[in-house]
Amino acid sequence: MRFQSLRFPQSLLLVLVLLTSLCVQAKIKVLIIDGQNNHDVWPKSTIMMKQYLEETGLFVVDIQRTQYLWKSEREKTYLPMAGNFNSVALKEPKEDPSFAPSFKKYDVVISNFGWNAANWSESTQKDFEKFIKKGGGFVTVHAADNCFPKWKAYNEMIGLGGWGDRNEKDGPYVYYDKENKLVRDTTAGNCGAHGKQHVFPVTLRVPNHPITQGMPTSWLTAKDECYAKLRGPGTNMTILATGKDQSDKAPTDRNEPILMVLKYGKGRVFHTTLGHDDYSFEGVGFITSFLRGVEWAATAKVTIPIPTDFPSAENATSRKFTAITK
Ligand SMILES: [Zn+2]
């Protein structure tokens with residue numbers, strides 16, 4: 001009896017330890033990559049996304065950053081440049097040869113790069129392509145679709161991009177027209193535009209996708225940019241939702257792609273053009289579609305519910321962000 005009474009709590013403890021380790025192992029492994037962004041909100045936006053993901057209890061998140069060297073006149077030397085350099089951007093983006101994350105350690109990679117991000121070495125590019133082709137997940141947020149205009153596979157993954165001298169050589173404009181017809185428009189022209197930031201309506205085009213299931217057919221963003229005139233190969237791409245720029249000087253009267261999903265080999269890609277500034281990242285529509293997009297890209301399923309404060313066609317909703325200090 002004495003032997004048994006000792007053994008029972010020990011085996012229970014073992015079961016508990018096993019269960020705990022299983023729970024830890026079951027978390028979705030996320031890598032956020034960033035380093036240069038033409039947006040003042042960076043790198044706060046990376047911290048916001050990391051915290052949103054970890055608050056669900058479903059994800060563990062690492063961050064890896066590229067470096068960009070610049071010549072400091074004061075220091076008389078080259079220093080790593082990380083941050084916003086919209087006004088001082090070098091003519092040609094440089095490469096960061098040291099950037100070589102082990103992508104295969106993760107279920108999903110999120111890009112928070114921006115326009116003119118440092119190029120990756122060819123071997124890192126090939127590693128990344130292999131990772132996605134074999135079934136890895138990828139999420140591109142806002143200006144991450146501005147970078148790497150010359151990297152063919154990257155543009156196939158994101159489907160549509162903006163700026164970076166993209167034009168008709170890179171693929172058609174893809175959008176829904178005023179009659180709500182899906183258009184692939186091969187007209188020659190520049191790529192990437194947006195009107196003034198404002199709260200604008202999003203319309204679901206595929207309401208039964210795991211990411212959009214349960215959302216109202218129409219909902220409002222927080223104050224944000226409605227990206228327009230994006231172009232790219234747009235193959236294996238489904239536009240889940242479009243946005244309509246209602247500002248005075250809207251660049252088009254089209255319904256522009258806002259949320260997209262793509263297949264690349266066995267991999268899944270979620271593309272959101274939302275997320276210009278911290279108040280845009282605070283929009284409940286952004287947060288919810290982002291979290292569900294990351295979960296879907298990693299697992300092909302979505303378990304994260306639509307929250308009760310999700311925006312409607314009449315009411316925009318936001319959550320003030322407070323960083324958790326550790
Ligand atoms: Zn922006």
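## Charges over rings

The charged end of arginine 231 sits over the ring of tyrosine 173, 3.9 Å from the ring centre; this label needs CZ of Arg or NZ of Lys within 6 Å of the ring centre and within 35 degrees of the ring normal. Arginine 205 places its charged end over the ring of tyrosine 176 in turn, at 4.3 Å from the centre.

Before we go on, a word on the model: it is predicted, so local features need pLDDT of at least 70 and side-chain atom pairs count only at pLDDT 80 or more, while totals for chains, interfaces and linings use all residues. Residues are numbered from 1 along each chain as its sequence is written, and side-chain values use heavy atoms, with hydrogens and water left out.

## The zinc site

Which residues hold the zinc ion? His39 (NE2), His142 (NE2), Glu225 (OE) and His276 (ND1) coordinate the zinc ion at 2.1 to 2.2 Å. Donors here are N, O and S atoms within 2.8 Å of the metal (3.2 Å for Na, K and Ca), and since water is not among the atoms, sites may look incomplete. The angles among the 4 donor atoms run from 90 to 165°, and the site is irregular.

Along the sequence, the donor spacing reads H-x102-H-x82-E-x50-H. Histidine 39, in the loop between β1 (28-34) and α2 (44-55), and histidine 276, in the loop between β15 (267-272) and α5 (278-281), link distant parts of the chain, 237 residues apart. Helices (H or I, at least four residues) and strands (E, at least two) are DSSP runs, numbered from the N terminus. Both histidine 39 and histidine 276 are buried, where buried means under 20% relative accessible area, exposed over 50% and partly exposed in between (1.4 Å probe, protein chains only).

## Aromatic pairs

The whole structure holds 22 aromatic pairs, counted when ring centres of Phe, Tyr and Trp (its six-membered ring) lie within 6.5 Å. In one of them, phenylalanine 148 and tyrosine 154 have ring centres 5.0 Å apart and planes at 80°, so the pair is edge-to-face (over 60 degrees; under 30 is stacked, the rest tilted). Phenylalanine 148 and tyrosine 154 are buried, and one aromatic cluster includes Phe148, Trp151 and Tyr154.

## Helix α6

Helix α6 (residues 284-299) has 15 of its 16 residues buried. Just after α6, alanine 300 takes a positive phi of about 70°.

Methods. Tetrahedral: all angles 85-135°; square planar, octahedral: opposite > 155°, others 65-115°.
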